[in-house]
Amino acid sequence: MRVLVVEDEPELLQVTAQALRESGFAVDEAADGEEGLYKATTWEYDAIVLDLMLPKIDGWTLLGKLRKKKKTPVLILSARDGVRDRVQGLDIGADDYLVKPFELSELLARLRALIRRAAGQALPQIKIGDVTVDTRTRTVTKDGSLADLTGREYAIVECSPFSAADW
Ligand code: CA
């Protein structure tokens, strides 16, 4: 499990990253919104922990830009009195939130729940008859042998796996 933590308070970033690593996560860190946006859009993460008040690019803007490209589950961190902040974050596409200061055990529990939910929604393999479409490796097999498809052909099959069943 790979997680990105975007947080500009060095101590909180360090403590959070450390707790996540001790729980078995691979953790990337970003200390401002610009670095966070770059990493979030460049690499694949199972979840992102996102502070809202960040230098360079704030958390809402980062989230809005990320959502145009990716559905990576995002848990936002907000100030205690930031009800409007949280509502805005959820509206833009955050999946959960935690109010600062938070217990690390609650952060871990919520992250695990987020990742479980996201994994439940994802459909890595689609099977119809003897045709299998693997959406992670972007391959199609029929009767166990790999079909030689171009990227465009693959995209068509992924949208409509029934078309491959007619081969
Ligand atoms: Ca902050």
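Let's start with Glu 7, which makes a salt bridge with Lys 100, with the closest N and O atoms 3.1 Å apart. By salt bridge I mean a side-chain nitrogen of Lys or Arg within 4 Å of a carboxyl oxygen of Asp or Glu. The two residues come from distant parts of the chain, 93 residues apart: Glu 7 sits in the loop between β1 (2–6) and α1 (10–22), and Lys 100 in the loop between β5 (96–99) and α5 (104–121). Those labels are DSSP runs numbered from the N terminus, with helices being H or I of at least four residues and strands being E of at least two.

A quick word on the source: this is a predicted model, where local features need pLDDT of at least 70, side-chain atom pairs count only at pLDDT 80 or more, and totals for chains, interfaces and linings use all residues. Residues are numbered from 1 along each chain as its sequence is written, and side-chain values use heavy atoms, leaving out hydrogens and water.

Back to our pair: are these residues buried or exposed? Glu 7 is buried at a relative accessible area of 1%, and Lys 100 also counts as buried, at 16%. The cut-offs are under 20% relative accessible area for buried, over 50% for exposed, and partly exposed in between, with a 1.4 Å probe and protein chains only.

Lys 100 has another partner, Asp 51, again with the closest N and O atoms 3.1 Å apart. Asp 51 belongs to strand β3 (residues 47–51) and Lys 100 to the β5–α5 loop, so this contact ties together parts 49 residues apart in sequence. Both Asp 51 and Lys 100 are buried. Put together, Glu 7, Glu 9, Asp 51 and Lys 100 are linked in a network of salt bridges.

How many salt bridges does a search of the whole structure find? The answer is 11. One of them joins Arg 110 and Asp 96, at 2.9 Å from N to O. Here Arg 110 is in helix α5 and Asp 96 in strand β5, 14 residues apart. Arg 110 is partly exposed at 28%, while Asp 96 is buried at 14%.

Now for the sheet. Four strands form an open, antiparallel sheet in the order β6-β7-β8-β9, where pairing needs at least two DSSP bridges between two strands. β6 (125–128) and β9 (145–146) are at the edges with a single partner strand each, so one side of each has no neighbour in the sheet. Four bridges join β7 (residues 131–134) to β8 (residues 139–142), and Val 131 has Lys 142 as its bridge partner in β8.
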